[in-house]
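Here's a quick briefing to read with the model open next to you. Have a look at the fold, then work through the points below.

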Amino acid sequence: MEIKYKQKFATRQDISDLIGGDARKGIAKSAKTQTISLFLNEDELYSDYFYEKDNIEYCMYTGIGRIGHQDSIENVMYDLNMEIMTHKKNGRSLLLFSRKNGVWLFKGVFELTETHQNVQPDDHGDLRRVFVFHLKKIKNTFKF
């Protein structure tokens, strides 16, 4: 099977059914395929850091976890952030999806080029440390 650039999916569940992974989290590690799906929230703080809005080649993606420090091992989402940092070592492909006009679009296969941390408010308004992943597109299609 193959997913192609700008292929449309009606729901997150459709993506999960096809390649595996959680249908609700922004980072979804699949037990079915060697993939980690990343879902763009267009209203998030780093949405303006996506270069070439239509055909994203490079982007920054904020890690998962909406409350507390993302680098704390006590944060329940810590392991998913570590999956992004070790995706090459573990042989997992990063698949990027974005939502436009109520439809999910496949944006390509990406790889992590670097990571930095920043400070952002969490859902309670408290400042916390977040991971910011720098991603580069490596392919427009994914075969599995």
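Is Asn 90 buried, partly exposed or exposed? Asn 90 is partly exposed, because its relative accessible area is 38%, where buried means under 20%, exposed means over 50% and partly exposed is in between (1.4 Å probe, protein chains only).

Before going further, note that this is a predicted model, so local features need pLDDT of at least 70 and side-chain atom pairs count only at pLDDT 80 or more, while totals for chains, interfaces and linings use all residues. Residues are numbered from 1 along each chain as its sequence is written, and side-chain values use heavy atoms, with hydrogens and water left out.

**Overall picture**

- The protein has two helices and nine strands, taken as DSSP runs numbered from the N terminus (helices are H or I with at least four residues, strands are E with at least two).
- Read from the N terminus, the order of elements is β-β-α-β-β-β-α-β-β-β-β.
- Out of 144 residues in the protein, 43% count as buried.
- Take the contacts (heavy atoms within 4.5 Å) between residues at least 6 apart in sequence: 58% of them join residues at least 24 apart.
- The protein's accessible surface is about 7900 Å², and 49% of that belongs to carbon and sulfur atoms; the areas come from the Shrake-Rupley method with a 1.4 Å probe, and for residues only the protein chains shown count as cover.

**Aromatic rings**

- Searching the whole structure turns up six aromatic pairs, meaning rings of Phe, Tyr or Trp (its six-membered ring) with centres within 6.5 Å; planes under 30 degrees apart are stacked, over 60 edge-to-face, and the rest tilted.
- One of them is the edge-to-face pair of Phe 9 and Phe 97, with 5.9 Å between centres and 75 degrees between planes.
- Phe 9 is in strand E2 (residues 8-9) and Phe 97 is in strand E6 (residues 93-100), so this pair ties together parts 88 residues apart in sequence.
- Both Phe 9 and Phe 97 are buried.
- Phe 131 and Phe 133 make a stacked pair, 5.9 Å centre to centre with 15 degrees between the planes.
- Phe 131 counts as buried because its relative accessibility is 6%, and Phe 133 counts as buried at 1%.
- Phe 9, Phe 39, Phe 97, Trp 104 and Phe 106 are linked by ring pairs into a cluster.

**Helix H1**

- Arg 12, Ile 15, Ser 16 and Ile 19 are the buried residues of helix H1 (residues 12-19).
- They span an arc of only 100 degrees around the axis, so they sit on the same side of H1; the arc is that of the directions from the helix axis to the C-beta atoms.
- The buried residues of H1 pack against strand E1 (2-4), E2, strand E4 (35-40), E6 and strand E7 (103-121).
- At the N-terminal end, Thr 11 caps H1, with a side-chain oxygen 3.3 Å from the backbone nitrogen of Gln 13. That is a polar contact: a pair of N or O atoms within 3.5 Å where, within protein, one must be able to donate a hydrogen and the other to accept it, and residues adjacent in sequence count only if both atoms are side-chain atoms.
- After H1 comes Gly 20, with a positive phi near 90 degrees.

**Loops**

- Ser 30 sits in the loop between strand E3 (27-29) and E4, and is buried with a relative accessible area of 1%.
- A polar atom of the Ser 30 side chain lies 2.6 Å from the backbone oxygen of Ile 19.
- Asn 90 is in the loop between helix H2 (78-85) and E6; leaving aside neighbours within four places in sequence, Asn 90 is in contact with Gln 34 and Glu 83.
- Asn 101 is in the loop between E6 and E7, has a positive phi near 55 degrees despite being a residue other than glycine, and counts as exposed at 75% relative accessibility.
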